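Dear colleague,

I am passing on a structure for you to look through, and below it I have written down what was found. Please keep it open beside you as you read.

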Amino acid sequence: MTEPLYASNGQRYQNSKRSPQRQLSHVFESLSAPAYYTTLPALLSTYAANLPTALVIDSGFAGTATVPIYEHTPIRCRARRNEISGQAIDDWLQLALVREAGLEQQSTNVWEDVIRLFKFERCLVAGDFEKELKEWTRREEAGEGETWELPDGRRVRLDRPLGLWAGEVLLNPGILGLDTGGLQHDAFNVVRRCDKALREGLLEGIPCLLVSATD
């Protein structure tokens, strides 16, 4: 089983101290498991990629962690975590669709379906963001603006390239109005804080483990 990342001060980022105890009780008492072991998802990804030393970027729904691994040992005190993740993108898309597309606030379940459909149909990670943005602007100025059909059949006009921006958020959190660096800055800072002898090995292997980043 996997466990959340520890902060440098020894506190868990997400789970309370009682959560691992409840998990442990469930495994032994309800599942009758003979043994129990937890580790970081980032560490498991290094085994899967056969890279004993690597820099792992683990981006999920609730957060994004950048973890240096040396000889299959996480260097927790050098890891970084930020809140730019699938949930932040979902919340931003929901607010943008309400404000710009004129959609009405719906129940949570309805919005989950709408956001999931929008990301599936409209969101992308551009190989060249500036080029794609210029192309979107050209089409908009030519009267070929983007429209999107809702599940109920209504069509709404999108005045901003929301799908293009959503795919760029992890690299440019300023899109969400946040004054913080993206994944590339976290990766650089994590490597810079590690011992000089480890830096070359970390930069040679950077596997990315994406866990439910779009759900």
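This is a predicted model: local features need pLDDT of at least 70, side-chain atom pairs count only at pLDDT 80 or more; totals for chains, interfaces and linings use all residues.

**What was found**

Strand β5 (residues 146-149) runs antiparallel to β6, and four bridges join the two, with Thr-147 having Arg-157 of β6 as its bridge partner. Together β5 and β6 form a hairpin with five residues between them, and in the turn Gly-153 has a positive phi of about 100 degrees.

Most residues other than glycine have a negative phi. Against that background, Ser-32 has a phi near 55 degrees, a positive value in a residue other than glycine; Ser-32 sits in the loop between α1 (18-30) and α2 (41-49), and it counts as exposed because its relative accessibility is 58%, where the cut-off for exposed is over 50%. His-72, also not a glycine, has a positive phi near 60 degrees, and its place is in the loop between β2 (64-70) and β3 (73-74).

Helix α3 (residues 86-100) has 15 residues, which at 1.5 Å a residue should span 21 Å, and this agrees with its end C-alpha atoms, which are 21 Å apart. Buried residues in α3 include Ile-89, Trp-92, Leu-93 and Ala-96. Seen down the axis of α3, its buried residues fall within an arc of 165 degrees, so they line one face of the helix.

Methods: Residues are numbered from 1 along each chain as its sequence is written. Side-chain values use heavy atoms; hydrogens and water are left out. The expected span of a helix is 1.5 Å times one less than its number of residues. Buried means under 20% relative accessible area, exposed over 50%, partly exposed in between (1.4 Å probe, protein chains only). The arc is that of the directions from the helix axis to the C-beta atoms. Two strands pair if DSSP finds at least two bridges between them.
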